[in-house]
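Reader: I am new to this structure and would like to learn how to read it. Could you take me through a few features, giving the general idea before the case at hand?

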Amino acid sequence: MKIDRIDLEILRLPYVHFFETSFGRSFDRTFILVRAFGGGACGFGEVVAEEAPLYSSETTQTAWHVLGDFLVPLVLKEGAGEPADFARAAGKFRGHPMAKAGLELALWDLKAKAEGVPLSKLWGGTKTEIAAGVSCGIEDTLDDLVTRVGGYLSEGYQRVKIKVKPGWDVEACAAVRKIFPHILLQVDANGAYGPADISHLQKLDAFGLAMVEQPFRPYDLWDHAKLQKVLKTPVCLDESILSETTARQALEMGSCRVVNIKVGRVGGPSEARKIHDFCQARGVPVWCGGMLESGIGRAANLHLASLPNFKFPNDLSASNRYWKEDLIDPEIVLEKGGVIRVPTEPGIGVHPVESRIRKATLERKTFKL
Ligand code: OSB
Ligand code: MG
C-alpha cells in the first residue's frame with residue numbers, strides 16, 4: 001500500500017482513578033496517536049511511551065523525535081508502507097520499540113481495512129472473545145485496595161493483578177487473600193526488587209499467586225533464573241522480554257515460566273507474533289499486557305490476544321476502568337463471564353471519535369509524500 005500522509009498527535013487523557021506503581025503515582029496519560037493515510041483510508045496506531053522514562057527508556061518526546069526524523073521517512077521516502085516491510089526497515093535503528101510499534105500498528109490497521117478484514121484475522125487470531133483481567137495500582141491504605149479489588153470483582157473481571165513494591169507486598173497479598181481466598185490473583189513489581197530480596201519474595205509463595213511479574217530489573221535475566229529456581233510461584237517477565245531473542249534466552253535460562261507480551265515494548269506486532277509463536281512451540285503460555293492505552297491501542301491488543309497461546313487472563317479491561325470518556329464509540333465493555341469481545345469490523349474494528357481526540361490533543365504534525 002502506498003502511504004501518502006502520516007499524522008502524529010500528542011494527546012493527554014485523565015484517568016478515572018490515579019494509577020500508582022513502584023515508579024510512582026500518575027493521574028493522566030500522555031501518548032502519541034499515529035495516523036497513516038493511503039488508498040483513501042486511514043489507519044490508527046497508538047504509541048504507548050509515557051511522559052517519563054520510568055517503565056522503559058522511551059518517552060513521548062523521544063518517540064516524537066524518532067518517529068518524525070527516522071521512522072516516518074522510511075514509509076514516505078523509502079516506500080515501506082507494508083507493515084512487514086516497515087518492520088524490517090525499522091530494524092536498522094536500535095531501540096525505540098514503542099515508536100516503531102505505533103507506526104507499524106497504523107500500517108496494519110490500514111492494510112486490514114483495505115482488505116476488509118479485522119486485524120485478528122491477519123494475525124492468525126482464533127478467539128472471538130478474550131479473558132479480561134484488571135491491574136490494580138498501589139493505594140493509600142490496604143482497606144482502599146481491598147475495596148477497589150472488590151469493586152472490580154463485582155464487575156466480573158476474571159483475575160486481579162496488584163502492583164507491589166517493598167513495604168507493599170506481603171501485607172497487600174494477605175489483605176486481599178483474607179477477603180477473597182479463591183480468586184485468580186497475581187502481583188507485578190515493575191522491577192522494584194533485587195537479588196538480595198530473594199528470601200523475602202519467597203514469602204509470596206504462601207498466597208497461591210498465579211505468577212509474580214517482573215520482580216527484578218529488566219536487564220537481569222540471570223538473577224530472575226536464580227529466583228525462579230527457589231520460588232514455587234511462576235515468574236512472569238514483562239520489561240525483560242524485548243524480542244524473540246530475549247524470550248528464547250529467558251526460557252533457556254529458566255528466568256520465567258510465563259511471558260507477558262506488549263506490542264509497544266517489543267517493537268510492534270511482527271515481533272509480538274514471533275514471541276507468541278516461539279513460546280507456543282516451547283509450551284510456554286503468554287498473556288497480553290497493557291500500558292493503560294486508549295480504546296485505539298487497546299482494540300489492537302484485543303486482536304493480538306485472540307491468538308491461541310494467550311492462555312491467561314490479560315491486562316485488557318473495559319474503557320470505564322481507565323477513562324471517563326474513551327476515544328472510541330462504542331466503548332470497550334466487559335461482557336458476562338469476564339470476557340471482552342474481539343472487534344469484528346475491519347482493522348482495529350473500533351471507531352475513533354474525532355471531537356474527543358481534538359479535545360485531548362496537545363500538539364500535531366503532518367508529514368506528506
Ligand atoms: O507493568 O503491566 C505493567 C501500566 C503502565 C506501565 C506498566 C504496566 C501497566 C499496567 C496496566 O499494569 C495494565 C493495563 O493497561 O490495564
Ligand atoms: Mg508489568
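Author: Let us start with the idea of a polar contact, which is a pair of N or O atoms within 3.5 Å. Please keep in mind that the model is predicted. Here, an oxygen atom of ligand 1 is 3.0 Å from an N or O atom in the side chain of lysine 161, and an oxygen atom of the ligand is 2.7 Å from an N or O atom in the side chain of asparagine 190.

Reader: Which polar backbone atom is 2.8 Å from an oxygen atom of ligand 1?

Author: That backbone atom belongs to leucine 292. Taken alone, ligand 1 exposes 390 Å², and the protein buries 99% of that area.

Reader: Where does ligand 1 sit, and how many residues surround it?

Author: Ligand 1 sits in the largest pocket, and 16 residues surround it, with Ser135, Asp188, Asn190, Leu292 and Tyr322 being the closest. The shell around the ligand divides into 8 charged, 5 nonpolar and 3 polar residues.

Reader: How should I read the sheet?

Author: In general, the strands of a sheet pair through backbone hydrogen bonds, either parallel or antiparallel. In this model 7 strands form an open sheet with parallel pairing, in the order β5-β6-β7-β8-β9-β10-β11. Because β5 (133-136) and β11 (286-288) stand at the edges, each with a single partner strand, one side of each is left without a neighbour in the sheet.

Reader: How many bridges join β5 to strand β6?

Author: There are 4 bridges between β5 and β6 (residues 159-163), and these two strands run parallel. Valine 134 stands opposite valine 160 in β6.

Methods: Residues are numbered from 1 along each chain as its sequence is written. Chains are lettered from A and ligands numbered from 1 in the order in which they are written. This is a predicted model: local features need pLDDT of at least 70, side-chain atom pairs count only at pLDDT 80 or more; totals for chains, interfaces and linings use all residues. Side-chain values use heavy atoms; hydrogens and water are left out. Two strands pair if DSSP finds at least two bridges between them. A residue is near a molecule or strand if one of its heavy atoms lies within 4 Å of it. A polar contact is a pair of N or O atoms within 3.5 Å; within protein, one must be able to donate a hydrogen and the other to accept it, and residues adjacent in sequence count only if both atoms are side-chain atoms. Accessible areas come from the Shrake-Rupley method with a 1.4 Å probe; for residues, only the protein chains shown count as cover. On a 1 Å grid over the protein atoms alone, a cavity is a set of points where a 1.4 Å probe fits but cannot get out, and a pocket is an open set with protein on both sides within 12 Å along at least five of seven lines; lining residues have an atom within 4 Å of a point. A molecule sits in a cavity or pocket if more than half of its atoms lie within 2 Å of its grid points. Ala, Val, Leu, Ile, Met, Phe, Trp, Tyr, Cys and Pro count as nonpolar, Asp, Glu, Lys and Arg as charged, and the others, Gly among them, as polar.
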